[in-house]
Amino acid sequence: MLQSQLFTKTSRAVSADEVSVNARLLAQAGFIDKQLAGVYSFLPLGLRVLRRIEQIVREEMLALNAQELLMPVLHPKANWEQTGRWDTYDTLFRFVSYHSKNDYALGPTHEEIVAPLAKKFILSYQDLPRYVFQIQTKFRDEKRAKSGLLRGREFLMKDLYSFHCDEADLDSYYERAQAAYVRVFERMGLGEDTVLTFASGGTFAKYSHEFQTLIPAGEDTIYLCADCRVAVNKEIISEQPTCPNCGAAELTETVGAEVGNIFKLKTKYSAPFALQYKDQAGKEHDVVMGCYGIGISRLMGVLAEKFHDDKGLRWPEPVAPYQVHLIRLGEEEKVTEQAAAAYHTLHQAGVEVLYDDRTESAGVKFKDADLIGIPWRLVVSEKTAGRFELKSRSEESVTLLDLKEVLNKFSVRP
Ligand code: ATP
Ligand code: MG
């Protein structure tokens with residue numbers, strides 16, 4: 001991508017009402033734009049990050065044998081009445097159609113859609129287990145949407161639903177899902193700072209599990225075991241004051257951002273929709289369900305909170321918008337030709353490059369590069385004399401390479 005053609009520009013100005021670090025940095029660097037509290041546009045650079053997060057999540061869900069689908073955002077009132085949540089779901093956006101006068105909701109989650117949907121296809125024990133997921137925009141009328149991408153009123157979530165004959169089968173899939181979640185966060189560079197957290201299981205199960213990333217901007221209070229790095233959520237700490245994993249007595253209060261959670265729903269949503277299957281003897285049973293969420297857009301905010309310094313963003317390679325930021329300093333013909341040829345060669349090789357071909361000072365270009373936070377900076381100037389100065393966003397040292405060495409350094413990202 002030629003930076004001179006990029007839709008966005010960086011800005012030094014900080015919007016006065018943007019208090020969160022992630023939203024401030026992401027807006028300044030041109031990744032997102034705030035429409036209203038908790039509602040953002042994802043701009044070309046930001047969308048590239050969002051898509052990479054999505055893709056990591058998608059790959060791990062497919063590896064769990066889940067099938068991707070896309071359910072509607074617009075929900076009829078009847079489905080929400082069926083589970084009793086039309087009146088009790090406190091962040092549900094509800095509205096009346098101007099024409100038909102019917103009531104609708106904007107989907108904050110999809111149990112009310114997926115259970116009746118599954119009823120059309122799951123009839124007997126032979127149709128189980130089944131797993132489906134989507135990556136879909138959710139709407140929630142959140143009271144406090146002041147944390148940028150950490151708490152949207154419109155946000156992107158991955159939600160997976162599993163359907164089983166019995167609890168034993170749910171339990172074993174739940175374990176697999178938990179392991180897949182660990183891989184998702186590891187692949188994004190959040191492995192070390194994301195902890196499994198025991199939370200309330202609601203009315204059906206003893207626990208549910210959250211994945212909490214330890215960042216100061218996190219909105220949840222959790223109690224962390226120093227020995228095994230497992231935590232307990234605030235809502236159950238009085239019932240569970242010791243480490244549920246190793247029994248250690250001392251848990252330390254800290255804050256986290258919930259990036260995902262997994263929940264044994266059992267028959268909570270199958271029962272109201274009479275989602276049942278026939279066993280081998282022809283007897284009907286409620287289908288047993290699990291649900292598994294990951295906050296895709298929240299993760300982008302968490303990554304910005306975790307990976308930045310006073311100069312700007314510092315993306316981990318697997319989620320960076322581009323792999324290389326090629327920067328040309330000066331307008332001399334030799335330099336211009338060298339930079340253009342390098343851009344072409346890298347691009348042809350499948351390396352994702354943002355090429356700063358603008359007529360700007362070195363100061364402006366370096367400041368912008370630091371703000372945008374692409375992992376590798378590649379400088380071409382009169383001074384580099386036909387070679388390239390390579391520098392990592394997170395280190396000060398530079399190395400001088402020729403084009404072949406540059407090409408060897410970068411492999412095509414999956
Ligand atoms: P929270 O306690 O943070 O409100 P939740 O328990 O309501 O989250 P779920 O309903 O289980 O969350 O949603 C699944 C995932 O979606 C969460 O783990 C989180 O990562 C993400 N998520 C939930 N609410 C929001 C939001 N308002 N903005 C962005 N992401 C969200
Ligand atoms: Mg919530």
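In what order do the three strands of the open sheet with antiparallel pairing lie? In this predicted model, the order is 4-6-5. The edges of the sheet are formed by strand 4 (74–76) and strand 5 (93–96), each of which pairs on one side only. Averaged over the sheet and with direction ignored, neighbouring strands are turned by 35° against each other. Three bridges connect strand 4 with strand 6 (residues 103–106), in the antiparallel sense. Within strand 6, Leu106 is the residue that stands opposite Leu74.

The largest nonpolar core comprises 70 residues, and Phe31, Met300 and Trp315 have the most contacts inside it. Helix 5 (residues 167–187) makes the greatest contribution to this core, with eight residues. Residues of domain 1 (17–309) and of domain 2 (322–409) both take part, so the core lies between the two domains. In soluble globular proteins, nonpolar side chains tend to be buried together. With residues up to four places away in sequence left out, the contacts of Met300 include Phe31 and Trp315. Met300 also touches Leu26, Ile32, Phe42, Gly46, Val49, Leu50, Ile53 and Leu149.

Helix 8 (residues 362–372) has as its buried residues Lys365, Asp368, Ala369, Asp370, Leu371 and Ile372. After helix 8 comes Gly373, with a positive phi near 80°.

Strand 20 is covered on both faces. Val353 and Tyr355 are buried on one side, and Leu354 and Asp356 are buried on the other. In a regular strand the side chains alternate between the two faces of the sheet. Strand 20 runs parallel to strand 19, and four bridges join the two. Tyr355 of strand 20 is the bridge partner of Leu326.

The loop between strand 21 and strand 22 (388–392) contains Lys383. Lys383 has a relative accessible area of 73% and is exposed.

Several backbone features fall in loops. The peptide bond between Leu128 and Pro129 is cis, with omega about -5°. Pro129 is placed in the loop between helix 4 (111–119) and strand 7 (130–139). Asn65 is not a glycine, yet its phi is positive, at about 65°. The loop that holds Asn65 runs between helix 2 and strand 3 (67–68), and Asn65 is partly exposed at 46% relative accessible area. A positive phi, near 60°, also occurs at Arg229, in the loop between strand 11 (220–225) and strand 12 (231–233). Arg229 is partly exposed, its relative accessible area being 38%.

The structure contains zero disulfides. For Cys225, the closest cysteine sulfur is that of Cys246, at 3.7 Å. A disulfide requires sulfur atoms within 2.5 Å, and the separation of Cys225 and Cys246 is therefore too far for a bond. Cys246 likewise is in no disulfide, the sulfur of Cys225 being the nearest to its own. Cys225 is buried, at 0% relative accessibility, whereas Cys246 is partly exposed, with a relative accessible area of 41%.

Definitions and conventions: Residues are numbered from 1 along each chain as its sequence is written. Chains are lettered from A and ligands numbered from 1 in the order in which they are written. Side-chain values use heavy atoms; hydrogens and water are left out. Buried means under 20% relative accessible area, exposed over 50%, partly exposed in between (1.4 Å probe, protein chains only). Two strands pair if DSSP finds at least two bridges between them. Axes are lines fitted to C-alpha atoms, for helices over the stretch in contact, and angles run from 0 to 180 degrees between N-to-C directions. A nonpolar core is a set of buried Ala, Val, Leu, Ile, Met, Phe, Trp, Tyr and Cys residues joined through side-chain atoms within 4.5 Å. Domain bounds come from an automatic or database domain assignment. Contact means heavy atoms within 4.5 Å.
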